[in-house]
Amino acid sequence: MNIASKYISRVALLIILTFSLQGFSMSDPEKEAHVEATEGKINTKEGIDNYIKHHLKDSHDFHLYSYTNDAGEGKHIGFPLPVILWSSNGLVTFMSSEFHHDDNGQVIVNRGGSKFTKLHSVIYELDANATAISFDEHHHPENAHKPLDFSITKSVFGMLLAGLLMILGFRALASGYKKSPIPTGFARVLEPLVLYVRDEIARPNIGEKNYRKFMGFLLTVFFFIWVLNLLGLTPLGFNVTGQIAVTVCLALFTFLIVQFNGNKEYWKHIFWMPGVPVLMKIALIPVELLGILTKPFSLFVRLFANITAGHSVVMGIAALMILLKAQFGTVGATGISVFLTLFLTVIELLVAFLQAYIFTMLSSLFIGMAVAEHDHEHEHDAHGHEVADTEDVRADFI
């Protein structure tokens with residue numbers, strides 16, 4: 001067994017063991033009464049909508065599923081994650097199990113001289129004299145504030161896992177090249193993708209002269225988004241690329257790389273467009289400056305919206321077995337739901353790759369527009385035909 005297979009097998013075993021971890025029960029009387037009243041089921045449209053919204057949010061623990069035991073107690077299967085807060089009294093750490101799965105601000109955790117509660121997936125620190133959280137007329141906490149939260153949330157855990165998988169995979173690929181020019185094992189899956197990013201994305205959009213400088217970033221962002229999207233299709237319930245903060249950070253990296261690598265021709269086209277009248281040049285300056293901001297905006301909104309919509313649709317289709325039970329019966333509603341869910345999941349596999357490709361392709365295009373050299377002789381192929389370069393790509397994009 002080669003190195004890559006060993007690493008992948010160990011990671012797969014770790015994920016399997018994760019499913020076997022049993023969490024802790026919820027002790028909040030109000031929520032236990034609610035679970036007992038509904039027999040632990042989510043069987044209304046409002047309940048399903050709230051469940052989907054909660055699933056799409058980031059969380060401080062992994063909640064796989066819930067059930068009600070014979071004693072009528074609500075049980076939750078999952079495992080906690082570390083909570084790391086900078087409170088009024090300094091650094092505080094504890095496990096999210098201290099909240100007992102409460103998300104309504106009922107459970108109070110006392111740590112480091114501070115009191116904390118969790119409301120709608122957000123941790124609040126109560127004021128010094130407060131014993132319970134209270135709300136104003138708009139249902140906003142009025143006696144609590146948000147501490148600085150550095151917790152290892154589910155999304156952070158997903159990013160760390162994706163980074164680990166990338167390190168193991170590319171380390172195996174690099175090690176394979178030291179032994180043979182032809183990769184073996186799992187490295188044979190990675191090599192075509194690396195060549196695809198290089199030959200179909202980086203070279204055409206950035207140009208032969210400059211593409212190598214940006215290959216590290218393009219490969220990283222492509223595989224990072226792709227792996228996170230695939231993790232989002234697992235039962236662990238990751239929705240990392242569906243978090244607006246994550247997509248904003250990815251787009252910000254592209255924005256900074258473009259601005260810091262833009263040549264004088266790039267900035268000249270923004271502040272003093274060549275070949276147009278002076279008045280038009282002045283009028284185009286704010287338009288071009290706005291274009292600098294709209295490019296990263298389109299990057300993070302596109303990725304966030306597509307992934308969030310995909311997860312919402314899949315979960316909504318899965319919920320059809322509950323909503324259509326009265327019309328088609330248990331067997332009929334379940335069959336329709338399973339068939340449509342499997343169909344959409346297959347489409348989501350394509351979307352996972354497609355969104356990684358689009359983000360990487362647009363990033364390379366924006367970089368190519370910034371480093372393109374203008375007013376030069378075009379290269380020609382062996383037949384004497386002009387070869388398109390990044391200036392031509394930019395012109396076609398505009």
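Biologist: Why is H120 called partly exposed?

Modeller: The relative accessible area of H120 is 42%, and partly exposed covers what lies between buried (under 20%) and exposed (over 50%), with a 1.4 Å probe and protein chains only. H120 is therefore partly exposed. This is a predicted model, in which local features need pLDDT of at least 70 and side-chain atom pairs count only at pLDDT 80 or more, while totals for chains, interfaces and linings use all residues. Residues are numbered from 1 along each chain as its sequence is written, and side-chain values use heavy atoms, without hydrogens and water.

Biologist: What makes S121 buried?

Modeller: S121 has a relative accessible area of 13%; this is under 20%, so S121 counts as buried. In the protein, 41% of the 398 residues are buried.

Biologist: What is the phi of H120, and what is that of S121?

Modeller: Phi of H120 is near 50 degrees, a positive value in a residue other than glycine. S121, also not a glycine, has a positive phi of about 70 degrees. H120 is found in the loop between β6 (114-119) and β7 (122-126), and S121 lies in the loop between β6 and β7. Strands (E, at least two residues) and helices (H or I, at least four) are DSSP runs, numbered from the N terminus.

Biologist: Why are α6 and α7 called roughly antiparallel?

Modeller: Helix α6 (residues 211-231) and helix α7 (residues 244-261) pack at about 170 degrees, with their axes 12 Å apart. Angles over 145 degrees count as roughly antiparallel, so α6 and α7 belong to that class. Their contact (heavy atoms within 4.5 Å) involves, among others, F214, F217 and F224 of α6 and L250, F253 and I257 of α7. By class, the contact has 8 nonpolar, 2 polar and 1 charged residues; Ala, Val, Leu, Ile, Met, Phe, Trp, Tyr, Cys and Pro count as nonpolar, Asp, Glu, Lys and Arg as charged, and the others as polar.

Biologist: How many cavities of 30 Å³ or more does a search of the whole structure find, and which residues line the largest cavity?

Modeller: The search finds 4. A cavity is a set of points on a 1 Å grid where a 1.4 Å probe fits but cannot get out, and lining residues have an atom within 4 Å of a point. The largest cavity holds about 70 Å³ of space, and its lining includes A251, F255, V258, I292, K295 and F366. Helix α7 gives the most to this lining, with 5 residues, and α9 (278-318) also gives two or more. The lining divides into 8 nonpolar, 2 polar and 1 charged residues.

Conventions: Axes are lines fitted to C-alpha atoms, for helices over the stretch in contact, and angles run from 0 to 180 degrees between N-to-C directions. Angles under 35 degrees count as roughly parallel, over 145 as roughly antiparallel, 65 to 115 as roughly perpendicular and the rest as oblique. On a 1 Å grid over the protein atoms alone, a cavity is a set of points where a 1.4 Å probe fits but cannot get out, and a pocket is an open set with protein on both sides within 12 Å along at least five of seven lines; lining residues have an atom within 4 Å of a point. Grid points are joined across faces, edges and corners, and a volume is the space filled by probe spheres set on the points.
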